[in-house]
Amino acid sequence: MSETKEFKAESKRLLEMMINSIYTHKEIFLRELISNASDAMDKLYFKTMSGEGEAISRSDMQITIEANKDDRKLIISDNGIGMTQEELENNLGTIAQSGSFAFKNENEKTEDVDIIGQFGVGFYSAFMVAKKVTVISKAYGSDTAYMWTSTGADGYTIAEAEKDANGTTITLDIKDNTDDENYDEYLTPYRIKELVKKYSDYIRYPIKMDVEHEKLKEGTGVDGKEPEYEKEIVTETLNSQIPIWKKAKNELKDEDYNQFYKDKFHDYSDPLLHIHSKTEGTATYSALLYIPEKAPYDYYSKNYEKGLQLYSSGVMIMEKCGDLLPDYFSFVKGLVDSEDLSLNISREMLQHDRQLKIIAKAIEKSIKNELKKLQKNDREKYEKFFEAFGTQIKYGIYESYGMNKAELQDLLMFKSSNGTPTTLEEYVSRMKEDQKFIYFASGSSVSRIESLPQTELVRDKGYEILYLTDHVDEFCLQMMHAYDKKTEGSDETTPIEYKSVSADDLGLETEEEKEEIKKEEENNKEMFDFLAEKLSGKVKAVKLSQRLKNHPVCITSEGMLSVEMEKVLSAMPDNQGAKAEKVLEINPNHAIFGKLKSLYSTDKDKAGEYADLLYDQALLIEGMPIENPVDFANKLCEIMAQQ
Ligand code: ADP
């Protein structure tokens, strides 16, 4: 006797949700089951090739489909690797990890989400069309077969069963028709053929089905005899079996590429871009690469694993080969097929494989070139791409301490005072004749940056400012230090440095202006020392500002770490309390400066209180928290009351 086991709690909820709430594309269940069958045969072939058990010929492997309209059964069989009892339990008894479940919860409202594709829970899609699913499987090399049965969310049973050869047979008891849904179509040969063509044409193993044809009875229809017909069963192969990446580009339409991507990489939207290349030379390989439209839900989590599928002469040898992609292109999906790689190469050996390194380099280059092309030819699409994956590229520069700058700097885009997102090359091409630096300002949003007092002088000059709104932006620019401007017609480059609008020296003031400010500071040296003393531990210095035009105060920084960077770092979990060396700048042309001077000579305590208030205000402008908001508010009110 077999007992009914419950699906793990989470699985059960997900399964219920899936069966009941996913209305779209029920038909994909067939593709999912066929893909699983094909994977199972790949696995078996690979296992025997790498020396375990007797070698098996790929030509003996096949998938069969049987549709039986009378008892409403659709049967899909393979002679692949099969599953042991334990594998049946583990593979078909648990659906998704908590991460994906949480994702679905968050996205409860988006009804159209193809959850199956998203989570690789393909097998369960069978329940969209079947009221009962029976899996009989015999693992390769095992003597016993097992049967797994389930009617859906309630649970499943596993019992011993009879099966001659290794492999898996999945029997679906197709649901009865309802007012809204015609399930009969999944028992109709014509429709099944159509679905196989649409979704599984490239599957390498033949997908066979017995199809009934009408045939002219021998001896009838000739010599004036009435034609008579009889039924004949013909076994048809429904798929062309040529992997899409082996086909010629001109045979393929965008839809073919997109469909393959969605099936293979479980995405529900079309990719943004596909790159199909065949290369012969130092390394011979075909590659089919895709850039997704959006980052997958787990992209920025630890669970995300980069990599391309790796094939050796059409046989998949690795599901995710991370060595084929640099981290900054980790969003790329796809596969590489090469004759140069040995079939039973181990993971460790692969890491040192020279061919693989050559292929990886070539792939990196081709991704970069295609992105550059996109940037030039389809700006809208490129911006969409950068929106989704730009952060990754910036991290690529930051994490390598700027070493990848040459490869990546031209892929970057930033918001800008120019209005539209800009590349660095474009910024540089718009620079004014007397402009020495690429100016940037950091903040949480464009509107915040636009109101920053620090931008006044640069803006006044009519210079463009890059708006850094992404956390990693400033770190990335700092690592790059300068933009290497290419000289036309040569390999030479001229570095143009990046400069924060909050930097110490903006390179904008004339010597006279500097001199004047310096004099004013010297005249009031005692007061500035007093103010700095009052704010000691908070700021490194109090200075007169060259950059402020209308605003009374602002905070700038000296050294490598800016105020914005301090903000980012302090929000990190392993924050080490790094602080920017802050400078409080006071506008010499603002009335508050005169007021400070007179207070300093008449009422030092008051001048000190003003310094506290000005510092807190400058922090607020920066979007930094102030230490004691109550104190700040009380002091401000006191002053208001005196007016
Ligand atoms: P995925 O294929 O995305 O991993 P599925 O829910 O479709 O998720 O399948 C779960 C697992 O069950 C597979 O990874 C595989 O190990 C196993 N499996 C499914 N179908 C078969 C089959 N026909 N033969 C052997 N193993 C299978």
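**Exercise 1. What distance separates the centres of domain 3 and domain 4, taken over C-alpha atoms?**

Basis: this is a predicted model, where local features need pLDDT of at least 70, side-chain atom pairs count only at pLDDT 80 or more, and totals for chains, interfaces and linings use all residues. Residues are numbered from 1 along each chain as its sequence is written, and side-chain values use heavy atoms, with hydrogens and water left out.

Step 1. Domain 3 covers 382-500 and domain 4 covers 511-642.

Step 2. Take the centres over C-alpha atoms: they lie 28 Å apart.

**Exercise 2. Describe the interface of domain 3 and domain 4.**

Step 1. Count the residues in contact (heavy atoms within 4.5 Å). Domain 3 gives 15 residues and domain 4 gives 20 residues.

Step 2. Compute the buried area (the accessible area, 1.4 Å probe, that two parts lose on being put together, summed over both).

Step 3. Look for salt bridges (a side-chain nitrogen of Lys or Arg within 4 Å of a carboxyl oxygen of Asp or Glu). Between these domains the count is 0.

Step 4. Look for polar contacts (a pair of N or O atoms within 3.5 Å; within protein, one must be able to donate a hydrogen and the other to accept it, and residues adjacent in sequence count only if both atoms are side-chain atoms). The rule finds 8 residue pairs, both residues at pLDDT 80 or more.

Step 5. Locate the domain 3 side. Helix H14 (456-460) and helix H15 (473-480) each supply at least two of its residues. Helices (H or I, at least four residues) and strands (E, at least two) are DSSP runs, numbered from the N terminus.

**Exercise 3. Which parts of the chain does the salt bridge of Arg72 and Asp176 link?**

Step 1. Check the distance: 3.5 Å, N to O.

Step 2. Arg72 sits in the loop between S2 (63-68) and S3 (73-78). Asp176 sits in the loop between S7 (167-174) and helix H6 (189-200). The two residues are 104 residues apart.

Notes: Domain bounds come from an automatic or database domain assignment.
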